[in-house]
Amino acid sequence: MKVKIIPLDRQDRKHRRQAAELLLENPELWPAMEIARAVISTLLAPNRVCLCALDEKDRLVGIVGGLPDYDGIVWELHPLVVKKVDRGHGIGRRLVRSLEKEAAARGAITVILGTDDLDGSTSLADVDLYDNLGGRIANIVCRKQHSYEFYIKCGYSIIGVIPDANGIGKPDILMGKRVAKKQIGRKTPLKSLPGGKTE
Ligand SMILES: CC(C)(COP(=O)(O)OP(=O)(O)OC[C@H]1O[C@@H](n2cnc3c(N)ncnc32)[C@H](O)[C@@H]1OP(=O)(O)O)[C@@H](O)C(=O)NCCC(=O)NCCS
């Protein structure tokens with residue numbers, strides 16, 4: 001499926017309407033048109049990034065937002081939605097990649113996101129996350145389809161969990177990825193110590 005990914009134009013009323021309608025396809029997250037419209041307006045604030053995927057007929061089929069934090073070093077990816085009928089064609093992955101490129105171009109080192117487990121889709125739900133959290137993250141099991149698997153495929157790692165973020169036993173799974181091209185390393189060379197050891 002051929003799509004192009006471009007910034008959502010705040011002056012383009014058709015695409016803005018289609019973006020709000022796209023959010024409305026997920027009423028568990030955006031239950032009303034006025035909420036969806038308000039979210040789109042927020043995404044178009046000057047310090048944010050809002051990219052959309054347009055199909056060959058200029059229909060908006062996907063959207064991704066990004067918000068800077070930590071002085072722009074870390075960007076949060078939110079939201080990410082692809083039109084239901086157009087899922088499974090790589091649009092989600094391309095939107096994530098485009099957002100990463102845009103964030104990196106603006107100085108980001110890291111992109112983070114949260115993906116909720118509301119219905120026990122993963123082994124991080126309905127357990128005591130204050131007990132052996134590291135082990136639970138390392139041994140996560142996906143019981144039903146969950147979007148954390150999508151983000152793993154996009155190169156993200158689980159970097160933490162907010163326990164009970166959506167009620168008891170319903171955590172938010174935090175994920176992150178380094179998007180800066182340069183590796184982070186020591187700026188000064190290591191000092192040699194007697195015996196060939198380094199500091
Ligand atoms: C998650 C979402 C954006 C994926 O979009 P998409 O265009 O269907 O994804 P892609 O086609 O790029 O998929 C890339 C890979 O991830 C997999 N994948 C896609 N959605 C997935 C999901 N929900 N769970 C697990 N794996 C998923 C695909 O099978 C594909 O795997 P492959 O490369 O092995 O074939 C889309 O399902 C969506 O809009 N969901 C509703 C909103 C949502 O959950 N957003 C994320 C919440 S934080």
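User: Which helix gives the most to the shell around the ligand?

Analyst: Helix 5, with 4 residues. Helices (H or I, at least four residues) and strands (E, at least two) are DSSP runs, numbered from the N terminus. This is a predicted model, where local features need pLDDT of at least 70, side-chain atom pairs count only at pLDDT 80 or more, and totals for chains, interfaces and linings use all residues. Residues are numbered from 1 along each chain as its sequence is written.

User: OK. How many residues surround the ligand, and which are the closest?

Analyst: The ligand is surrounded by 18 residues, and R87, G92, R93, E149 and F150 are the closest. A residue counts as near if its C-beta atom, placed from the backbone, lies within 6 Å of the molecule.

User: Which elements supply at least two residues each?

Analyst: Strand 4 (74-82), helix 3 (91-105) and helix 5 (147-153).

User: And by class, what does the shell have?

Analyst: 9 polar, 5 nonpolar and 4 charged residues. Asp, Glu, Lys and Arg count as charged; Ala, Val, Leu, Ile, Met, Phe, Trp, Tyr, Cys and Pro as nonpolar; the others, Gly among them, as polar.

User: Where does the ligand lie relative to the domains?

Analyst: Between domain 1 (1-64 + 77-107) and domain 2 (109-181), because both give residues to the shell. The bounds come from an automatic or database domain assignment.

User: Switching to helix 2. Which of its residues are buried?

Analyst: In helix 2 (residues 33-43), A36, I40 and L43 are buried. Buried takes 20 or more other C-beta atoms within 10 Å of the residue's own, exposed 12 or fewer, and partly exposed is in between; C-beta atoms are placed from the backbone.

User: Why do they line one face?

Analyst: Seen down the helix 2 axis, the buried residues fall within an arc of 60 degrees, so they line one face. That arc is taken over the directions from the helix axis to the C-beta atoms.

User: What covers them, and which exposed residues are on the face turned away?

Analyst: The cover includes helix 1 (13-24), strand 2 (49-55) and strand 3 (60-69). E34, S41 and T42 are the exposed residues on the face turned away from the buried side.

User: Now A19. What does it touch?

Analyst: Not counting residues up to four places away in sequence, A19 touches L8, I40, C52, L60 and I63. Contact requires C-beta atoms, placed from the backbone, within 7 Å.

Key. Two residues are in contact if their C-beta atoms, placed from the backbone, lie within 7 Å.
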